[in-house]
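Trainee: I'm new to this one, could you walk me through it?
Mentor: Gladly, have a look first and then ask away.

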Amino acid sequence: FQRVLNSKQVAVDSVLKSGRQLASRSSHPNDESDVETMRVELVRVWDSTCRLAAEWQQKLEDGLLLAGQLKETIYVLSNWLAEIEPGLSEGAPVHGDVDTVKSL
């Protein structure tokens, strides 16, 4: 997504440049002010879009990292459980203090 967004930077720069040229060639004084207001708004919206996209991408990368860590943890726990489970039958003796075991 960042690559697509970055590829649009050229178009935004072109619009800003065209706006500057249009404002400087205008014969009406209000036109220059209006165009400059629109240019400022475009920069504000574009900067906000880029910032939000970067935050979104960071959250996505963080989520993918956590998902990988969770997958690894589940794998380790599954292996441990597969190793331990056969020894956990109800008829198997429980190791520990006799009084504590009886109270359970």
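Trainee: Which residues does Leu 16 touch, not counting residues up to four places away in sequence?
Mentor: Leaving out residues up to four places away in sequence, Leu 16 touches Arg 39, Leu 42 and Val 43, where contact means heavy atoms within 4.5 Å. Before going on, please keep in mind that this is a predicted model, in which local features need pLDDT of at least 70 and side-chain atom pairs count only at pLDDT 80 or more, while totals for chains, interfaces and linings use all residues. Residues are numbered from 1 along each chain as its sequence is written, and side-chain values use heavy atoms, with hydrogens and water left out.

Trainee: Where does Leu 16 lie, and how far is it from Val 43 in space?
Mentor: Leu 16 lies in helix H2, which covers residues 9-25; helices here are DSSP runs of H or I with at least four residues, strands are runs of E with at least two, and both are numbered from the N terminus. Leu 16 and Val 43 are 27 residues apart in sequence, and their C-alpha atoms are 8.3 Å apart in space.

Trainee: Why does Leu 16 count as buried?
Mentor: Leu 16 counts as buried because its relative accessibility is 12%, and buried means under 20% relative accessible area, with exposed being over 50% and partly exposed in between, using a 1.4 Å probe and protein chains only.

Trainee: And Arg 39, is that buried or exposed?
Mentor: Arg 39 is buried, at a relative accessible area of 16%. Arg 39 is found in helix H3, residues 29-84, and, apart from neighbours within four places in sequence, Arg 39 is in contact with Leu 16, Gly 19 and Arg 20.

Trainee: What about Gln 57, where is that?
Mentor: Gln 57 lies in helix H3 and counts as partly exposed, with 27% relative accessibility. Gln 57 and Phe 1 are 56 residues apart in sequence, yet 8.2 Å apart in space, C-alpha to C-alpha.

Trainee: Changing topic, how many helices and strands does the chain have?
Mentor: The chain has four helices and zero strands. Its C-alpha atoms fill a box of roughly 100 × 25 × 15 Å along the principal axes, and buried residues make up 9% of the 104 residues.

Trainee: Last one, in which helix is confidence lowest?
Mentor: Confidence is lowest in helix H4, residues 98-103, at a mean of 72, and highest in H3, at 94; the score is pLDDT, the predictor's confidence in each residue from 0 to 100. For the chain, the mean pLDDT is 88, and 91% of residues reach 70 or more. Where pLDDT is low, the predicted coordinates should not be read in detail.
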